[in-house]
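Notebook open, model loaded. I'm jotting down what I look up as I go.

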Amino acid sequence: MKIVVIGGTGLIGSKTVERLRKRGHDVIAASPNSGVNTITGEGLAEALSGAEVVLDLANSPSFEDKAVLDFFETSGHNLLAAEKLAGVKHHIALSVVGTERLQESGYFRGKLAQEKLIKASGIPYTIVHSTQFMEFLAGIVQSGTVGQTVRLSPAYIQPIVSDDVADVMADVALAPPANATIEISGPERARLSELVARYLKAMKDPRTVEADTEAKYFGARLNDQSLVSDNNPRLGSITFEQWFAESAQPK
């Protein structure tokens, strides 16, 4: 089966491509660097010719409100239009648990716009809502840092490791379209401020964490339901300690 992975050289994309190729499929890792650009439309028709499944794992290069919305709307329009012409049978997109609850944030407004385009396209689809990636903890730290203090919400988070996400994306690519949203999550639930404090301690980072219920998460206020799934998610298997020991400890 021919499968096209948009964003196929990114964190999740590259791991998903590897898994699908190991299962014997013809996989194109599509990105602007490989001549496939969903914003300009360059290379889309050629890449999608004969493809049965498309996974959209691309992310906006900017988190600025207008840029994010423009990216997901333009990319979504171009990609779905090209898929219709190519006769693609299954469109899969990776999105975020809590997208519909976090509309204060420009990023999540962009993701919701992307999801609406998919649902209205008429192409059979599966949307995968994932909790935050463990690999993004460093970015969360930076987003809340002022001086030597990291101000973060104490809301619950249940992060998942990219390897577990890629396992799911590969499985979904080989399954029939759900025509629905499915959710995936890490195995452990913790408060964001407490998990980041554990992360900084493990990294031997001297910054301290201050729990603040008013601290925004990429522009949105959080509550205990914002970033976690209670919709019977498929759970990853790798815990924070396992991930840190294998991947994240300071070199």
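Housekeeping before I go on. This is a predicted model, so local features need pLDDT of at least 70 and side-chain atom pairs count only at pLDDT 80 or more, while totals for chains, interfaces and linings use all residues. Residues are numbered from 1 along each chain as its sequence is written, and side-chain values use heavy atoms, with hydrogens and water left out. My helices (H or I, at least four residues) and strands (E, at least two) are DSSP runs numbered from the N terminus.

**Helix α1**

I found I12, G13, T16, V17, R19 and L20. They cover an arc of only 165° around the axis, which puts them on the same side of α1; the arc is taken from the directions from the helix axis to the C-beta atoms.

After α1 comes G24, and its phi is positive, near 95°.

**The sheet**

I traced an open sheet of seven strands, paired parallel, in the order β2-β1-β3-β4-β5-β9-β12. β2 and β12 are at the edges with a single partner strand each, so one side of each has no neighbour in the sheet. Two strands pair if DSSP finds at least two bridges between them. β9 (residues 180-185) and β12 pair in the parallel sense over two bridges, and I184 stands opposite R234 in β12.

Then I looked at how the helices lie on the sheet. α1 lies across β1, β2, β3 and β4, at about 165° to β2. α6 touches β3, β4, β5 (125-130), β9 and β12, and its direction makes about 155° with that of β4. Axes here are lines fitted to C-alpha atoms, for helices over the stretch in contact, with angles from 0 to 180 degrees between N-to-C directions.

**Salt bridges**

My rule is a side-chain nitrogen of Lys or Arg within 4 Å of a carboxyl oxygen of Asp or Glu. The count comes to 18 salt bridges.

Which residue does R19 bridge to with closest N and O atoms 3.2 Å apart? That is D163, in helix α6 and 144 residues from R19 in helix α1. R19 is buried at 19% relative accessible area, whereas D163 is partly exposed at 28%.

R19 also meets D167 in a salt bridge, 2.6 Å from N to O. D167 lies in α6 and R19 in α1, so this pair ties together parts 148 residues apart in sequence. D167 is partly exposed at 30%. Through shared partners, salt bridges join K15, R19, D163 and D167 into one network.

Last one for today: E104 and R221 form a salt bridge at 3.1 Å, N to O. I have E104 as partly exposed at 41%, and R221 is partly exposed at 41%.

Conventions
Buried means under 20% relative accessible area, exposed over 50%, partly exposed in between (1.4 Å probe, protein chains only). Contact means heavy atoms within 4.5 Å.
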